[in-house]
Amino acid sequence: MSKTPQLETDRLRLRERVPEDAVSLFPTMSDPDAMHWWSRPPYASIEDGLEDFSRFSDSWRSWAILDKRDDAVIGFVAAGEKRQGKVVEIGYLLAHSHWGGGFAREAVRAVIDQLFAEGNRRVFADTDPENAGSRRLLESLGFQLEGTLRGEWETHIGVRDSVIYGLLASDWPDAPRPA
């Protein structure tokens, strides 16, 4: 994958995520409600978060989401190339204190703009079928429900299905068009 460029929106700054961001995100990532739909259980300690954030794969990039008002880290968006042919998976997390304000949508939109500007042809996301908030976010950005993978994840809440949402560059209004 290419470098993780800094991105900016009206209210947010997105920069490369660093292990120390786990300290700022610990209140959210240790919260059972916020982590309910994740494949891993909530962090038991800040050290868990630091270790997890330190071992991010080379095939993934991750942007920390910073609120411009106070430069606080309020979440992240990650993107990883899943297969050859310019197909990228995205994932995201937002601090519970910022839910409902459109911050996740704004941050994910900025990353999608970047991914399509880089020439990717498809972006997809994988979420739990019962994660209504994540599904609403994806649908609001134009992602299409493509299918369900039954029994896909063994998680801290049991074996879970997964729904796959996809978005093509040709569906994205701001994506560059071939000449």
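Is Glu89 buried or exposed? I looked it up: Glu89 counts as buried, because its relative accessibility is 13% and buried means under 20% relative accessible area, exposed over 50%, partly exposed in between (1.4 Å probe, protein chains only).

Ground rules for myself. This is a predicted model, where local features need pLDDT of at least 70, side-chain atom pairs count only at pLDDT 80 or more, and totals for chains, interfaces and linings use all residues. Residues are numbered from 1 along each chain as its sequence is written, and side-chain values use heavy atoms, with hydrogens and water left out.

**Glu89, continued.** I find Glu89 in strand S5; helices (H or I, at least four residues) and strands (E, at least two) are DSSP runs, numbered from the N terminus. Its side chain makes a polar contact of 3.3 Å with the side chain of Lys82. For that term I use a pair of N or O atoms within 3.5 Å; within protein, one must be able to donate a hydrogen and the other to accept it, and residues adjacent in sequence count only if both atoms are side-chain atoms. Setting aside neighbours within four places in sequence, I list among the contacts of Glu89 (heavy atoms within 4.5 Å) Trp60, Phe124 and Asp126.

**Asp67.** Asp67 is buried, with a relative accessible area of 2%. Its side chain makes a polar contact with the side chain of His98 at 3.4 Å. Beyond four places in sequence, Asp67 also has contacts that include Arg11, Ile74 and Phe103.

**Nonpolar core.** I define a core as a set of buried Ala, Val, Leu, Ile, Met, Phe, Trp, Tyr and Cys residues joined through side-chain atoms within 4.5 Å. The largest has 33 residues, and Leu14, Ile65, Ile90, Val108, Ile112 and Phe143 touch the most other members. Helix H3 (103-117) is one of the elements giving two or more residues to this core, and H3 gives the most, 9 residues. A second, separate core of 13 residues includes Leu25, Met35, Tyr43 and Leu66.

**Pocket, last entry.** The largest pocket is lined by 50 residues, with Trp38, Gly91, Tyr92, Leu93 and Asp126 nearest its centre. S5 supplies the largest share of that lining, 6 residues. My pocket rule: on a 1 Å grid over the protein atoms alone, an open set of points where a 1.4 Å probe fits, with protein on both sides within 12 Å along at least five of seven lines; lining residues have an atom within 4 Å of a point.
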